[in-house]
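Subject: A structure to look through

Dear colleague,

Please open it first, and then read my notes beside it.

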Amino acid sequence: MGRKKKRRQKEEESEDFGAREFHCNHCNHQFEVKWEDIFMIQELTHGYVGFHINDTFISCPECDEIVEEEEF
Ligand SMILES: [Zn+2]
């Protein structure tokens, strides 16, 4: 069996992932979404996760519109 990987504390883990900034074209609201949350959405949408936002539907917390952001 493989070696046991030491699990880091949750706080550090989320710090590693960080967040991504999104900008809503509808209401001009700028907000951050944690990568953890993006992964969760991706998993629900198409079953795979990664550091990309293609085909990932993030809705604006202000106006509830889907934010379409180009990858850059
Ligand atoms: Zn908005």
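Below is what was found, going from the whole chain to single residues.

Please keep in mind that this is a predicted model, in which local features need pLDDT of at least 70 and side-chain atom pairs count only at pLDDT 80 or more, while totals for chains, interfaces and linings use all residues. Residues are numbered from 1 along each chain as its sequence is written.

The confidence comes first. The protein averages a pLDDT of 82, and 75% of the residues score at least 70, where pLDDT is the predictor's confidence in each residue, on a scale from 0 to 100. Among the elements, helix α1 (residues 10-17) has the lowest mean pLDDT, 59, whereas β2 has the highest, 95. Where pLDDT is low, the predicted coordinates should not be read in detail.

Now the overall layout. The protein has 2 helices and 4 strands, and these terms refer to DSSP runs numbered from the N terminus, with helices being H or I over at least four residues and strands being E over at least two. Read along the sequence, they follow the pattern α-β-β-α-β-β. Of the 72 residues, 8% count as buried; a residue is called buried if 20 or more other C-beta atoms lie within 10 Å of its own, exposed if 12 or fewer do, and partly exposed in between, with the C-beta atoms placed from the backbone. Among contacts between residues at least 6 apart in sequence, 31% join residues at least 24 apart, a contact being a pair whose C-beta atoms, placed from the backbone, lie within 7 Å.

Arg20 has Val33 in β2 as its bridge partner, and Phe22 has Phe31 in β2 as its partner. The two strands form a hairpin with 6 residues between them.

Most residues other than glycine have a negative phi. Asn28 counts as exposed because 10 C-beta neighbours lie inside 10 Å. Cys27 is placed in the loop between β1 and β2 as well, and with 11 C-beta neighbours inside 10 Å Cys27 also counts as exposed. Leaving aside residues up to four places away in sequence, Cys27 touches Cys60, Glu62 and Cys63.

Cys27 and Asp64 are 37 residues apart in sequence, yet their C-alpha atoms are 9.7 Å apart in space. Asp64 lies in the loop between β3 and β4 (66-67), and Asp64, although not a glycine, has a positive phi of about 70 degrees. Asp64 is exposed, since 10 other C-beta atoms lie within 10 Å. In strand β4 itself one finds Ile66, which counts as exposed with 12 C-beta neighbours inside 10 Å. Ile66 touches Phe57 and Ser59, not counting residues up to four places away in sequence, and the C-alpha atoms of Ile66 and Asn25 are 9.5 Å apart although the two residues are 41 apart in sequence.

Helix α2 (residues 35-46) has 12 residues and reaches 16 Å from its first C-alpha to its last, close to the 16 Å expected at 1.5 Å a residue, where the expected span is 1.5 Å times one less than the number of residues. The helix is followed by Gly47, whose phi is positive, near 85 degrees.

The C-alpha atoms of Ile53 and Trp35 are separated by 9.9 Å, with the two residues 18 apart along the chain. Phe51 is also placed in the loop between α2 and β3, but Phe51 counts as exposed, with 10 C-beta neighbours inside 10 Å. Phe51 and Phe39 are 12 residues apart in sequence and 8.3 Å apart in space, C-alpha to C-alpha.

With best wishes

Note on methods: Contact = placed C-beta atoms within 7 Å. Pairing = 2+ DSSP bridges.
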